[in-house]
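Please keep the model in view while reading the points.

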Amino acid sequence: MSIVLRILMLIGAVSLLIFMLKRIRQSKLKIEYAVFWIVFAAVLVFMSLFPYVFYWISDLIGFQSPINMIYLVIIFILIVKLFLTSLQISQLENKIDNLVQKIAIEKRLSEEKEEKDTKEKV
């Protein structure tokens, strides 16, 4: 791995770490969501500082090139993260639907109660 690529990876990973910490401080990102991205950036920092570990792992597994293994692992991790995010979005949409239905039912019941009260007064 060339020194320029390692420096660019290190700069990108440190920038991602700083960005995530800034978002956490501004309360724009919950810590539980930021943990994934902080760990991801930390792995990128590790990869840029110790690239030969990944050469050894890729040789051990049988990849022709370490970059192929890195791309495959990163794509796999991001697909899993995307799937988990989709599950979370689905759960939130279900909760929203339930809340809207409860509000509609309560509104209808209160309207019926008001109509009943006005009829009793007449």
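1. Terms and ground rules. A residue is called buried when its relative accessible area is under 20%, exposed when over 50%, and partly exposed in between, with a 1.4 Å probe and protein chains only as cover. This is a predicted model: local features need pLDDT of at least 70, side-chain atom pairs count only at pLDDT 80 or more, and totals for chains, interfaces and linings use all residues. Numbering starts from 1 along each chain as its sequence is written, and side-chain values use heavy atoms, with hydrogens and water left out.

2. Leu5 in helix H1. Leu5 sits in helix H1. Helices here are DSSP runs (H or I, at least four residues), as strands are (E, at least two), and both are numbered from the N terminus. Leu5 counts as partly exposed because its relative accessibility is 42%.

3. The core. Which residues make up the largest nonpolar core? There are nine: Met9, Ala13, Phe40, Leu44, Val45, Met47, Phe54, Met69 and Ile70. Helix H1 (3–25), helix H2 (31–49) and H4 each give two or more residues to this core. H2 provides the largest share, four residues. Such a core is a set of buried Ala, Val, Leu, Ile, Met, Phe, Trp, Tyr and Cys residues joined through side-chain atoms within 4.5 Å.

4. Val45 belongs to helix H2. Val45 has a relative accessible area of 16%, so the residue is buried. Residues up to four places away in sequence aside, Val45 touches Leu10, Ala13, Val14 and Leu17; contact means heavy atoms within 4.5 Å. Met69, leaving aside neighbours within four places in sequence, is in contact with Phe54, Ile57, Ser58, Ile61 and Phe63.

5. Pro51, Phe54 and Ser58 are the buried residues of helix H3 (residues 51–61). They lie on the same side of H3, because they cover an arc of only 55° around the axis. That arc is taken from the directions from the helix axis to the C-beta atoms. These buried residues pack against H1, H2 and H4. The face turned away from the buried side of H3 carries the exposed residues Tyr52, Trp56, Asp59 and Leu60. Just after H3, Gly62 takes a positive phi of about 110°.

6. A nonpolar surface patch. Val73, Phe76, Ile77, Val80, Phe83, Leu84 and Leu87 form a nonpolar patch on the surface. Together they have about 630 Å² of accessible area, computed by the Shrake-Rupley method with a 1.4 Å probe, where only the protein chains shown count as cover for residues. Patches take residues with over 30% relative accessible area and no salt bridge; like charges are joined within 9 Å, and nonpolar side chains (Val, Leu, Ile, Met, Phe, Trp, Tyr) within 5 Å. Ile77 is found in helix H4 (residues 66–121). Ile77 counts as partly exposed because its relative accessibility is 32%.

7. The salt bridge. How many salt bridges are counted? The count comes to one, where a salt bridge is a side-chain nitrogen of Lys or Arg within 4 Å of a carboxyl oxygen of Asp or Glu. Glu112 pairs with Arg108, and the closest N and O atoms are 3.3 Å apart. Both lie in helix H4, four residues apart, about one turn of the helix. Glu112 is partly exposed, with a relative accessible area of 37%. Arg108 is partly exposed too, at 46% relative accessibility.

8. Along H4. Asp117 is also found in helix H4. Asp117 counts as partly exposed because its relative accessibility is 34%. Asp117 and Lys81 are 36 residues apart in sequence and 54 Å apart in space, C-alpha to C-alpha.
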